[in-house]
Amino acid sequence: MDIAKKVALITGAGSGIGAAMAHRFTTDGAEAVIVTDIDGSSARTVASAIGGEAFDLDVTDEGATAAVVSEIEERHGRIDILCLNAGIATDGSVDALNEDWQRTWDVNVMAHVYATRHVLPGMLDRGNGYIVTTASAAGLLTNIGAAPYSVTKHAAVAFAEWLSVTYGRSGIKVSCLCPMFVDTPMLEAFAEHSDHMRDWVEELAIDVDDVATAVVDGMRSESFLILPHPIVLDYFQRKALDYDRWISGMQDLNDRMSGE
Ligand SMILES: NC(=O)c1ccc[n+]([C@@H]2O[C@H](COP(=O)([O-])OP(=O)(O)OC[C@H]3O[C@@H](n4cnc5c(N)ncnc54)[C@H](O)[C@@H]3O)[C@@H](O)[C@H]2O)c1
């Protein structure tokens, strides 16, 4: 799919990857880019920079999501591209608080269900639409020190995969964006784990504009997996080829990153 003349709704677009996608979709000639974020003022700043529209939207609020979707459909007649991008990075182990697990589940997974539930009917009526999920390499592999994040990102990949299998033949394209580290405010949450982790994160972090380029390229080729860090494909293949060996390698990495 080409971005030109499309109507795109992006969640969590007041910052980082979502903001970069909003800028890139605008440059590529989108008819309308709708920038939504729980932080309405950051959404308005991005929207005013690109000549887009802003909505203050907490993606865990299904009623508010439905209202935004119907307002956009009324104004523009359709939503061609839905980017499920808002996410939170919750670290911790089995001891992470239940409320932190729940919040992470709500933002990183249920919000994808809510927005899709309200955007998909219009896409199916038209026999055309594109859903881009921002998951993470953590959804294919794992994220050292962050159980809630890893688990919910796996679920986000699973939901995107299920959508593609179920609706792909009905004209709905789905891509699942799985970067490793990207230079955004979220990076600090990953780096906090240890000094080793900080060094590793800083070494691997890429720029948001490179991620946005990978997204438009992936949408053009209609690829399910969008991997701005090509090494992730290599790791994913190694995991599938020999799961036990992969776990053992990740245990070594876990020891190193925890400073043992
Ligand atoms: N930065 C990375 O290294 C990295 C790597 C892999 C995947 N990701 C994923 O990329 C996506 C974007 O993250 P980012 O790195 O740009 O971080 P970011 O913190 O810059 O942006 C996340 C945005 O989501 C918004 N948000 C948070 N909770 C929300 C809610 N309930 N409703 C609406 N908006 C909400 C925040 O206000 C923020 O603007 C996330 O899903 C994240 O998990 C990031």
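Helix H1 supplies the largest share of the shell around the ligand, 3 residues. This is a predicted model. In total, 30 residues surround the ligand. Gly12, Ser15, Gly16, Gly87 and Thr184 are the closest. By class, the shell holds 14 nonpolar, 13 polar and 3 charged residues.

Now place H1 in the fold. E1, residues 7-10, pairs with E2 in the parallel sense, over 4 bridges. Valine 7 has alanine 32 of E2 as its bridge partner.

Move on from E2. Helix H2, residues 40-50, forms a right-handed β-α-β unit with E2 and E3. E3 spans residues 53-56 and is parallel to E2, again with 4 bridges in the pairing. Here aspartate 37 is bridged to aspartate 56 in E3. E2 therefore takes part in both pairings, with E1 and with E3.

How many residues of strand E2 are buried? The count is 6 of the 6, across residues 32-37, so the strand is largely enclosed by the rest of the structure. Buried here means that 20 or more other C-beta atoms lie within 10 Å of the residue's own.

In E2, Ala32, Ile34 and Thr36 lie on one side. Val33, Val35 and Asp37 lie on the other. Residues on both sides are buried, and both faces are covered.

Key:
Residues numbered from 1 in each chain as written. Predicted model: local features only at pLDDT ≥ 70, side-chain atom pairs only at ≥ 80, totals over all residues. Buried ≥ 20, exposed ≤ 12 C-beta atoms within 10 Å, placed from the backbone. Helix = DSSP H or I, 4+ residues; strand = E, 2+ residues; numbered from the N terminus. Pairing = 2+ DSSP bridges. Right-handed = clockwise from strand over helix to strand, strands pointing away. Near = placed C-beta within 6 Å. Nonpolar A, V, L, I, M, F, W, Y, C, P; charged D, E, K, R; others polar.
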